[in-house]
Amino acid sequence: MAEVLVLIDHANGEVKKPAAEMLTIARRLGEPSAVFIGPGAETAKDLLARYGADKIYAVSDPAALEHLVAPQAEVLAQLVAEKQPAAVLIPSNAAGKEIGARLAVKTESGLLTDVVDVQAGPVTTQSVFAGSYSVEAKVSKGTPIICVKPNSAAPEQANGAGSFEELSVSFSDSAKASKITASEPKKASGRPELTEAAIVVSGGRGTGGDFSPVEAFADSLGAAVGASRAAVDAGWYPHSSQVGQTGKQVSPQLYVAAGISGAIQHRAGMQTSKTIVAINKDEEAPIFELVDFGVVGDLFTVLPQATETVKGK
Amino acid sequence: MNIVVCVKHVPDAQSDRGFNEDNTTDREGVDGLLSELDEYAVEQALQIVEAGEGEVTVLTIGPAAAAEAVKKSLQMGADKGVHICDDAIAGSDALATSLVLAEAIKKIGTPDIVLTGMASTDGTMGVVPAMLAERLGLPQVTYASELSVDGGVATMRRDGDTASETIQASLPALISVTDQINEPRYPSFKGIMAAKKKPVEEWTLADLGVDAGQVGLANAATAVVATTKRPPREQGTIVTDEGDGGTKLAEFLTTNKFV
């Protein structure tokens, strides 16, 4: 069976949840080989093997992460040339999609992004036009390069051999043309990451800028907190938490929209959630067209009551 | 400072978007407009040139209707337009799109800055900027939420999931901007009138020396196998809060095993 390269998503060596999901998906297509770029590969080794990685290719040269995406694309291009993999799986976030983009040009291969399912073939599933269509696609040229969104598979353990190989890659000058000169880590909220969370609670215009009931309810459920574009534009919540067409597209088990009217811009980011709940004062709010359960009421009384009830369980 | 801004004419997200029988995006049955995210790129180009000197060229690929996207950009204040229009391009994937754009940019004469939006609002992949940087061999400065261009160096802030990064590159460079970077202007009456006299060139693949066998649906490196309209979500239970709305909400979550 051919190898399937999986670019491991990690933050300073700490492997993120989608990595295990993508290794699980890789087993449907061939033998998973984890590609770990940056510090911490030795520490991550056991976890990657536990989710099925037969091989682990590590690149520890700091230059790989000191420049924007291009060096990582060169690592993958070198591996594609050497290993002739059946597919390359990359996390479908901003950086991952750009790595895929550059790799697609280098290897003259088809690129599919924002993929929510991959089956043998590989045939991918994507959700398009604000979640109103489901699209099945395949790559018809070169090595399939597939950017996979978080929550696209339930991680399943499998004993991979986990054989470890340190790669040496020399980066071109043009890959080093765009330098990351400073990096300010985001403040840890202690909550799950928005795109990876099983439950997301979002607030909008209806919060009037006070997100405390939204955050308290999220914490009672162990959820991530999101925000509508209106709330972000008003400066109430950071842009990195924006759910919608120009923010994050989330697809959790449960999505709770509090004080969000449900404009197309927002729906594009949450419409494929499994269960949708909304709280809004306006019974005409379009968000109610989508919900499995809705409460017409003031979020400042409904959410605290729900929070207390949930905590009492 | 010469800037080329790549823009796209897209189906209006407010309309009922869909697909043709060959699984390509329906661009005829719905109203089109300049992709909202490209307005930020046009605005940024205008601000850079207005702070010094230079020229803003707007570049688009698309059928005849795509001229509207160029026109809107010219109305905002861009100096001239280039419209690549060729039936053979229909159904192209991102790889072919970036190839045609790269060749057009070379023909225009590689500028100090190639500017783009962060993604189109129809395909939403957000990969063409990185592909263009790769093809043109330019430094990639993408997803800028803040940008300064000074002394031949571009410095920008890129907000990621785990960190906010500062990224620096020498010009010429490829820069993409997010919707956080500025507030795009509306075309003024003067701008609308002036746009009528601004030059727009129409080029075909032959003008760019691109072979038709490298582009279009039949030569795409990806193929859509099927498109399925999702059934509309069925509305569930709606209750009006009469002092017990929160309790009912918690009950729903418990019944469905979220608690």
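Analyst: Cys6(B) is in no disulfide, and the nearest cysteine sulfur, that of Cys85(B), is 17 Å away. Cys6(B) counts as buried at 7% relative accessibility, where buried means under 20% relative accessible area, exposed over 50% and partly exposed in between, with a 1.4 Å probe and protein chains only. Cys147(A) is buried too, with a relative accessible area of 0%.

The model is predicted: local features need pLDDT of at least 70, side-chain atom pairs count only at pLDDT 80 or more, and totals for chains, interfaces and linings use all residues. Side-chain values use heavy atoms, with hydrogens and water left out, residues are numbered from 1 along each chain as its sequence is written, and chains are lettered from A and ligands numbered from 1 in the order in which they are written.

Val310(A) is another buried residue, with a relative accessible area of 6%. Val310(A) lies in helix α9 of chain A, residues 299-311; helices (H or I, at least four residues) and strands (E, at least two) are DSSP runs numbered from the N terminus. Leaving aside residues up to four places away in sequence, Val310(A) has contacts (heavy atoms within 4.5 Å) with Phe217(A), Ser220(A), Leu221(A), Ala250(B) and Val259(B). From Val310(A) to Glu42(A) is 268 residues in sequence and 41 Å in space, C-alpha to C-alpha.

Helix α1 of chain A, residues 17-26, is largely enclosed by the rest of the structure, because nine of its ten residues are buried. Among them are Pro18(A), Glu21(A), Met22(A) and Ile25(A).

Conventions: Disulfide = S-S within 2.5 Å.
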